[in-house]
Amino acid sequence: MRSIVIIGGGNAGLSCAARVLRQQPRGSVRVTVVEPSPTHTYSPMLSYVGSGMAGLAQVCRAQRRYVPAGAEWLRRSVTLVRPEAHTVVLDDGSELDYDDLVVAPGIMPDHEQIPGLAQALDTPWAATNYDTQLAPKTWDLMSGLRSGTAVFTVRFHDVACGGVGYKPLFTACDYWRRTGVLQDLRVYAIVEAPEFFPEPKVAGHIARAMRRYGITAITGARVESVDPAVRGITFSRGGAPESLAYDALHVLPPHRAPEWIARSGLAGADPMGRVDVDPETLQHRRHPTVWSLGDAATLDTMSSGGAIRSQSPVLVHNIFEPDPARFQRYDGYTVAPITLSRRSLVLAEVDRRHCPEPSFGIRDLANPRPWTFAFDRFLQPVLYWQGILRGLI
Ligand SMILES: Cc1cc2nc3c(=O)[nH]c(=O)nc-3n(C[C@H](O)[C@H](O)[C@H](O)COP(=O)(O)OP(=O)(O)OC[C@H]3O[C@@H](n4cnc5c(N)ncnc54)[C@H](O)[C@@H]3O)c2cc1C
């Protein structure tokens, strides 16, 4: 029986496991999911927790309910892969053999890259939706602000679904506008890229929202440090470092892949240490029985949960396709749902070259609409728990 080991029972790992079990004849494959956490996190909902529109109960569910029937769940962490020996080493020292390995452990915040960030997040004045425990603090902080300065950072290249960094910014501004305090606030967005979004139409929507709320946008800026003692954030735009004082700060921390990926010889030159796969076939460049998808893979596109919907069928097809000439190819499809207010959202769907790639050909998804907001907030979670994790979508 062919043995497939999947590292990580997140969005990528579980959707692959379910798809393999659905597609392969019963008894022909053994699927093992290695996942230490008893809870499964639906991270996109964290943006709504940080906007006061959802609670943590809507984010986390028991992992055992979603590991597909027929898969074995090993509640352990992987500490090393030995690709030459086709073996995975677990945190209790035991080893697991595989015929094919899917590496999907996601990425993790790396606070150390920004001096002072970890300390700032320990104070009441800074928060991030990129941490399950801190997302409720975002809303406490923003909804309690009546005057002063709010600063939001946006980054794309080393976080999951970078465009969602705009979500806390615009939902907070809309809240302040509705409650009549927006004119008493100075709001800054420190955006790492020179433009608001790689696709011009979406960038235009974001620029108009910035103007509508009176936000001062600082583009092409790299966050250098945070000083919690004086509540200051320092950034640079190529020249001398500049600083802003804040009363409320929402940060997107830089992320990196788990370090055992590099130690196992699975990373390439990627500064985040992600798995070095062919971005189209999802097969490892040097170890043909190793595959990767999701946030932990170098796929030459912005990572997102929505992107995994396109990656998972390609990966599962290719694992069972003996002839590489017949491999399917992933075009880099990804999505960033960006709320421009508390009732409207732009679904920015692009391919690897940042060209629009609308689902079902519906171009209107890239315009701010209440129904795209309702889709993202209410329907998408149902599709996730009932369809995506079960390998149906
Ligand atoms: C705040 C926030 C908002 C987001 N909003 C959106 C959105 O609106 N739309 C969208 O499409 N995407 C969004 N995303 C991105 C989306 O959540 C991720 O792209 C997606 O979850 C990646 O799936 P993954 O399986 O690669 O990683 P994860 O979902 O992070 O899963 C990785 C799993 O691997 C496990 N693991 C880690 N290390 C090990 C190990 N050593 N051994 C075994 N298992 C391990 C972890 O416990 C985890 O369960 C958002 C992300 C965040 C953080």
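Colleague: Where does Arg231 lie in this model?

Modeller: In this predicted model, Arg231 sits in the loop between β15 (222-227) and β16 (232-236).

Colleague: What makes its backbone worth a note?

Modeller: Phi of Arg231 is near 50°, a positive value in a residue other than glycine. Most residues other than glycine have a negative phi.

Colleague: Why is Arg231 called partly exposed?

Modeller: Its relative accessible area is 25%. Buried means under 20% and exposed means over 50%. Arg231 lies in between, so the term is partly exposed.

Colleague: How do you know whether Asp300 is buried or exposed?

Modeller: Asp300 has a relative accessible area of 56%. The cut-off for exposed is over 50%. Asp300 is therefore exposed. Phi of Asp300 is near 55°, again a positive value in a residue other than glycine. Asp300 is found in the loop between β20 (290-292) and α8.

Colleague: What makes Tyr66 buried or exposed?

Modeller: Tyr66 has 3% relative accessibility. Buried means under 20%, so Tyr66 counts as buried. Tyr66 belongs to the loop between β4 (60-62) and β5 (71-74).

Colleague: Which residues does Tyr66 contact, leaving aside neighbours within four places in sequence?

Modeller: Leu14, Arg61, Trp385, Leu389 and Arg390. The C-alpha atoms of Tyr66 and Leu383 are 13 Å apart, and 317 residues separate the two along the chain.

Colleague: Why is helix α4 called mostly covered?

Modeller: Helix α4 (residues 135-143) has nine residues, and seven of them are buried. Those are Ala135, Lys137, Thr138, Trp139, Leu141, Met142 and Ser143.

Colleague: What do the buried residues of α4 pack against?

Modeller: They pack against several elements, including α2 (44-49), α3 (117-121), β12 (148-154) and α5 (166-178).

Colleague: How are α5 and α6 placed?

Modeller: The axes of α5 and helix α6 (residues 200-213) come within 11 Å and cross at roughly 35°. The crossing of α5 over α6 is left-handed. From α5, Tyr166, Leu169, Phe170, Cys173, Asp174 and Arg177 meet Ile206, Ala209, Met210 and Tyr213 of α6.

Colleague: What classes of residue make up that contact of α5 with α6?

Modeller: Eight are nonpolar, none is polar and two are charged.

Colleague: And how do α1 and α8 pack?

Modeller: Helix α1 (residues 11-23) and helix α8 (residues 305-319) pack at an angle of about 35°, with axes 9 Å apart. α1 passes α8 in a right-handed crossing. On the α1 side the contact uses Asn11, Ala12, Ser15, Cys16, Arg19, Val20 and Gln23. On the α8 side it uses Gly305, Ile308, Ser312, Pro313, Leu315 and Val316. By class, the contact of α1 with α8 has seven nonpolar, five polar and one charged residues.

Colleague: How do you know whether the chain agrees with a compact globule?

Modeller: With 393 residues, a compact globule would have a radius of gyration near 21 Å. The protein chain has 21 Å, so the value agrees. The C-alpha trace spans about 65 × 45 × 40 Å along its principal axes.

Colleague: What percentage of the residues count as buried?

Modeller: Of the 393 residues, 58% count as buried. The chain exposes about 16,000 Å², and carbon and sulfur atoms supply 52% of that area.

Colleague: How many helices and strands are there?

Modeller: The protein chain has nine helices and 22 strands. Among contacts between residues at least 6 apart in sequence, 65% join residues at least 24 apart.

Key. Residues numbered from 1 in each chain as written. Predicted model: local features only at pLDDT ≥ 70, side-chain atom pairs only at ≥ 80, totals over all residues. Heavy atoms only, no water. Axes fitted to C-alpha atoms, helices over the stretch in contact; angles between N-to-C directions. Helix = DSSP H or I, 4+ residues; strand = E, 2+ residues; numbered from the N terminus. Left-handed = near helix turned anticlockwise from the far one by under 90°. Contact = heavy atoms within 4.5 Å. Nonpolar A, V, L, I, M, F, W, Y, C, P; charged D, E, K, R; others polar. Rg over C-alpha atoms; globule rule 2.2 N^0.38 Å. Buried < 20%, exposed > 50% of the residue type's maximum accessible area, 1.4 Å probe, protein only. Areas by Shrake-Rupley, 256 points an atom, 1.4 Å probe, with all protein chains shown as cover.
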